[in-house]
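Please read these points with the model open beside you.

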Amino acid sequence: MSIEAYDISKTFNDFKALDKVSLNVRDGELLALLGPSGSGKTTLLRIIAGLELPDPGSGPILFHEEPVADKRLRERQVGFVFQHYALFRHMSVFENVAFGLRVRPRSARPSKAEIKDKVEQLLRLVQLEGLQHRYPSELSGGQRQRVALARALAIEPKVLLLDEPFGALDAKVRQELRRWLRRLHDEIHVTSVFVTHDQDEALEVADRVVVMNKGRIEQSGTPDEVFHEPATEFVINFLGSVNLFRGRIEEGRAELGSLTVPYAGQSNGASREVKAYVRPHELDIERAGSAGGLAARVLRVHSAGAAVKIELVSDGRDELIYVELPQARFLELGRLAAGETVHVVPRNLRVFSEDYQI
């Protein structure tokens, strides 16, 4: 079931939550709406579900090329999973999952035996078999979220929408569940859209990521595309840690202190300011002077973990620089001491100005 939404706007009093946003979700795709609080991602999800109405003048919303603007959530055949589970506390796990089947009109309601078979099948699917008689208060947070997902799947939705599904869980459980969700999606292939502010979650789970900011879409692409080929300064800043170097364009070059990179934009011979971004893992450290390197003084070294994190300050500019090195490269360099001067060498730089991105 594909989803299309065109020129969707939504205003709450004087706040513009969405500003002419258009979105396309392919049949069977798992798409992440990623952005900070207030970016409009949850509002867009709720409008797709039919829980919110867009502003007058917004374009159509289509499910499999069929307009759904005049249809309620149930009529749209949408399964919706809330961040805080929204389970019925007085019902067992079995009854929570069966709820959507039991409230169907009598003519469309499955028999008791069919409901039992369906619920047991779903509990196996979400790895909760044997817990059907427990109540939500007797479950862990991760188990409650899987009950909520099973309940959403019980109605056999054409579209599955999830609003910050793992936001209320601790980091370890969240990591386990997002891997589980990816495996589950590969098994059931239902078109799914989930909202998150967690960059790692979106990049690890989704087929495609839509990055939102201030009610607009900044970039849409595969996880590799949005991370390695950011279209805007907001995207590169939002997706993980990044170092910022400021400089100017001079005669076809971007001069960033002692760093120089070619510049192919149209500068018309005039000097103008640019910003260069580089991620910590895209920097190397040399002890001897290196062409294209930047002299910096070591402040702190954190070597516990898969990567060694090094905090430095640039000579003469007093800019903090963060470098992440593989353990093997760190050992190859020998012991780095606080106060030691080294040279930081970028393996990749992304330079932004008003008219061009390198």
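The numbered points below start with the basis of the model and then take each topic in turn.

1. This is a predicted model, in which local features need pLDDT of at least 70 and side-chain atom pairs count only at pLDDT 80 or more, while totals for chains, interfaces and linings use all residues. Numbering starts from 1 along each chain as its sequence is written, and side-chain values use heavy atoms, with hydrogens and water left out.

2. There are 4 aromatic pairs in the structure. Rings of Phe, Tyr and Trp (its six-membered ring) pair if their centres lie within 6.5 Å; planes under 30 degrees apart are stacked, over 60 edge-to-face, and the rest tilted. One of the pairs is Phe80 with Phe82: the ring centres are 4.7 Å apart and the planes stand at 45 degrees, so this pair is tilted. Phe80 is buried at 11% relative accessibility, whereas Phe82, at 32%, is partly exposed. Buried means under 20% relative accessible area, exposed over 50%, and partly exposed in between (1.4 Å probe, protein chains only).

3. Tyr277 and Phe352 form an edge-to-face pair, because their planes are at 80 degrees, with the ring centres 5.7 Å apart. This pair links distant parts of the chain, 75 residues apart: Tyr277 is in strand S14 (residues 272–278) and Phe352 in strand S20 (residues 350–352). Strands (E, at least two residues) and helices (H or I, at least four) are DSSP runs, numbered from the N terminus. Tyr277 is buried at 4%, and Phe352 is buried at 5%.

4. Which ring does the charged end of Arg279 sit over? It is the ring of Phe227, with the charged end 4.2 Å from the ring centre. Arg146 has its charged end over the ring of Trp180, 5.9 Å from the centre. The test is that NZ of Lys or CZ of Arg lies within 6 Å of the ring centre and within 35 degrees of the ring normal.

5. Strand S9 (residues 208–213) and strand S10 (residues 216–221) run antiparallel and are joined by 5 bridges. Two strands pair if DSSP finds at least two bridges between them. Met212 has Ile217 in S10 as its bridge partner. The hairpin of S9 and S10 has 2 residues between the strands, and Lys214 takes a positive phi near 55 degrees there.
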